[in-house]
There are 2 protein chains.
Amino acid sequence: MNPSRKAAPARKSKSNRQGRKPAISRQDIVDAALQLLGPHRSVATLSLREVARAAAIAPNSFYRHFQSIDELAVALIEQAGQSLRDLIWKARSRVGAGESVIRASVETFLQQLQSDKHYLHLLLREGAVGSAAFKQAVERQLEFFEKELQTDLVRLAAASNTPIHNAELVSRAITRLVFSMGTSAMERPPAEHPKLIDDVTDMIRTIMVGTETLAMQNAPSPR
Amino acid sequence: MNPSRKAAPARKSKSNRQGRKPAISRQDIVDAALQLLGPHRSVATLSLREVARAAAIAPNSFYRHFQSIDELAVALIEQAGQSLRDLIWKARSRVGAGESVIRASVETFLQQLQSDKHYLHLLLREGAVGSAAFKQAVERQLEFFEKELQTDLVRLAAASNTPIHNAELVSRAITRLVFSMGTSAMERPPAEHPKLIDDVTDMIRTIMVGTETLAMQNAPSPR
DNA sequence: ATACATAATATACAGTTGTATATTAATTAT
DNA sequence: ATAATTAATATACAACTGTATATTATGTAT
């Protein structure tokens, strides 16, 4: 399963173009909004006029690209989720033999807090405020993470011959945990991040040991 | 350790009162704000004027009781946290012999989603948006939950003679998990809540088994 | 060259917000 | 009764918001 960077479908792909050439793209607006956001600014506080200002367009021009601020917010979340999953995928695929996949993933994930792109802040913070559409978008991204983690867990379990009890729940628990701890980390000085990575890794290991133990109890055939 | 309902310190307790009698109390404003909130309305979207309107006072009168909207938000969070912890404490203390403390706690917690008081929504949703003071207030409430859970876990472990590996991390993990899953539950129809309670209970059990196994590995004296 | 279609802007408006200032009302101390 | 002190309101203002309408610019097809 590769990172699947499918380009977002163009808004209106009239092949027979006619009329004025767009001076600005949907993506340009997304980028402008992204610059406004950050550790101390949440999507919910973005105003249409402000984004338009940042993108150097007239307020009304915004409507040519998005129906509403909400549609922009969804686009932001989707881009953030996509980018982060790509990133983790790359990190995992280059993890060496002796190293821990868990630790590598957690590390690359939380390292993004320092990044100047604010994808992680975006995804962590906005969990549950905003319109229904927006909240669903966030939830959708979370589920993507969960699914990818699940296939990874199953693969790992098969490789190392350690069973797993209820892989779906386990991957969901881990994902939620990482996101929740990441949210806390956001508000703390970077000096505390290493300790936090240790903690999260330890939590995940506890879950892994638990699921393994439970699986062995339920199907104790030593084969 | 009892529920510790300490009354919030009065704003200005001039013993030598003089002047006009307050027509409205801090708490009245908190109550008015609470009515505005709910499953689909977050603290971040409250405006001073709106709250004043709901409390039937002039906008400026608000300042007599709170320095800013932010101070009100913090008060809201604190009241929500306090109430919920009281509630869980009561639920736990009346759990019978054969029943599961874990399950009872999770159940009473998530049942609050149906309550007409919106404490749980408040606490679940607002995790990471808002001012620094506000976010710290939320984090503080989370830590209260963690601490109470930790003492509970330690007590339970001693009683049932099952060891615990790193009780602090375990209680933190469980707390975060419950809150995160609760946030998701908020957006889903009540019909799915039982299944959700099962899931969360299962997750927690996995963690408990994990911590137990780890503890036994580290100190395998069979005494 | 002309018509047409599209993108972007200009102007405008009504609504809301936070807050500064001034005024009135109610209560207590003297 | 009068002064003092506090609570609450009234009025006002500048900033900002989303959006409706009209106009201008810029490209393509004929």
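Start with the aromatic rings: across all chains, a search of the whole structure turns up 10 aromatic pairs (rings of Phe, Tyr and Trp, the last by its six-membered ring, pair if their centres lie within 6.5 Å). Select Phe62(A), Tyr63(A) and Phe66(A), and you'll see a cluster linked by ring pairs.

Before moving on, some housekeeping. This is a predicted model, where local features need pLDDT of at least 70 and side-chain atom pairs count only at pLDDT 80 or more, while totals for chains, interfaces and linings use all residues. Residues are numbered from 1 along each chain as its sequence is written, chains are lettered from A in the order in which they are written, and side-chain values use heavy atoms, leaving out hydrogens and water.

Next, pick Arg85(A): it lies over the face of Phe145(A), 5.9 Å from the ring centre. Hop to chain B, where the charged end of Arg85(B) sits over the ring of Phe145(B), also 5.9 Å from its centre. A charge counts as over a ring if CZ of Arg or NZ of Lys is within 6 Å of the ring centre and within 35 degrees of the ring normal.

Last stop: Thr206(B), which is buried at 4% relative accessible area (buried means under 20%, with a 1.4 Å probe and protein chains only). Its contacts (heavy atoms within 4.5 Å), leaving aside neighbours within four places in sequence, include Thr206(A) and Leu214(A).

Terms used
Buried < 20%, exposed > 50% of the residue type's maximum accessible area, 1.4 Å probe, protein only. Phe/Tyr/Trp six-rings, centres within 6.5 Å; stacked < 30°, edge-to-face > 60°.
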